[in-house]
Amino acid sequence: MRGRAPLRSLPLLLLLLLLLLLLLGSAAETPPYLPAPKNVEVYSYNFQSLLRWSPVPVENGTVLYTAQYRTWSYRNWSDLGCAKSPQPQCRFPPELQRRRWTILLRVRAELGTLASAWAHCPAFVAERNTTLGPPRVNNVSASPGSLLISVSPPFPPEPGDILQYLVSYWENTTSAIEKQKLSESKTLFQIGNLKESTLYCFSVQVQLRIYSGHLLEGEPSVPQCHRTALSEATRAGYVIPLFVLALVLAQLVAAALLFLWKHQHKFKHWAQPPLEIPSHFKEFLRDPGLADLEELSPAEEEPQALVLGEGPGQEGEDPSPNSCRDRAATAGPPL
């Protein structure tokens, strides 16, 4: 009895060995693993939606992607319009641009005969998950004490949409900014109770009342600054004092010119430089006889030059100053 125990365990060992061979064979036939896309999300701006994800890295080949969707009430998956696309994104078709639909999405990677597992995206509802951009400011008209603003919504409104515009405005001064807010339901509205000739800045953002009753707020617009105008009364208050001041200045100028004309002789006398008699005239006026003597006194003789000539005169005698001149005059022409 004891000798038969090993024989009974032999079929069990053979069965285990066969199962191990089958498992090894199936593992050898399994294709390489292809990871699923990551970071699958929906980017939606002004109800224009886009499904995007991170690319799947591979060493060789080009990875293609297939995206599908289904609604909350419909169980079958449909093609999103991006089957076997090399781009890591897929835009929603027009028939899927519904604000209140709950949409489920998934995407997978494909490389030849390989296909990754499906990567799912959280449920998306455009009315709750979209981002509203800032409204467009079309025109701003400044008047005394107010600004008239015309805007347009950032997306085409649908019938039944309830839109509001939240306006934040403040006076552009160096002090701390104190913002005030104004809510309007029209695209043309006015900011009133402002100071005249003052620079004001404002920013506008849209608010959409959704089905649940909440407000979906959009992004604020870039601040714009405009100066309010002057009223006619204030302008007249500036013009009248300026006119009176100009009239007073004109009268002062006329009075000054009349005063100068009446006292022109005095001004000429004051304006003349003092008369100074030259010093030699003063000496002449003090002693006129001295000047007459100077005129009657003989002038000093000019020194005469000594001329040495060839003549019969003795050595050391001064020749007559006219000897050369006489000799030249008496001498005839050369023969």
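**Entry 1: Glu 171 and its partner.** I began with Glu 171, which is partly exposed at a relative accessible area of 25%. This is a predicted model, so I keep that in mind for every value below. The side chain of Glu 171 forms a salt bridge with Lys 195, 3.5 Å from N to O. Glu 171 sits in strand β11 (residues 163–171) and Lys 195 in the loop between β13 and β14 (199–209), so the pair ties together parts 24 residues apart in sequence. I checked Lys 195 as well: with a relative accessible area of 48%, Lys 195 is partly exposed, because the exposed class starts over 50%.

**Entry 2: the other salt bridges.** How many salt bridges does the structure hold? I find seven. One of them joins the side chains of Arg 100 and Glu 127, at 3.4 Å from N to O. This pair links distant parts of the chain, 27 residues apart: Arg 100 is in the loop between β5 (89–91) and β6 (103–111), while Glu 127 belongs to helix α2 (residues 126–129). Is Glu 127 buried or exposed? Glu 127 counts as buried, at 10% relative accessibility, whereas Arg 100 counts as exposed, at 53%.

Entry 3: Next I followed Arg 108, whose side chain meets that of Glu 110 in a salt bridge of 3.1 Å, N to O. Glu 110 is buried, with a relative accessible area of 8%, and Arg 108 counts as partly exposed at 25% relative accessibility. Lys 84 joins in too: Lys 84, Arg 108 and Glu 110 are linked in a network of salt bridges.

**Entry 4: a sheet.** I then traced an open sheet of three strands, ordered β9-β10-β13 and paired antiparallel. Its edge strands, β9 (136–143) and β13 (188–191), each pair on one side only. Ignoring direction, neighbouring strands here are turned by 20° against each other on average. Between β10 (residues 146–152) and β13 I noted four bridges in the antiparallel sense. Which residue of β13 is the bridge partner of Ile 149? My note reads Phe 189.

Entry 5: Leaving out residues up to four places away in sequence, Phe 92 touches Val 42, Ser 49, Leu 50, Leu 51, Gln 97, Ile 103, Leu 105 and Phe 124.

Terms used: Residues numbered from 1 in each chain as written. Predicted model: local features only at pLDDT ≥ 70, side-chain atom pairs only at ≥ 80, totals over all residues. Heavy atoms only, no water. Pairing = 2+ DSSP bridges. Helix = DSSP H or I, 4+ residues; strand = E, 2+ residues; numbered from the N terminus. Axes fitted to C-alpha atoms, helices over the stretch in contact; angles between N-to-C directions. Contact = heavy atoms within 4.5 Å. Salt bridge = Lys/Arg side-chain N within 4 Å of Asp/Glu carboxyl O. Buried < 20%, exposed > 50% of the residue type's maximum accessible area, 1.4 Å probe, protein only.
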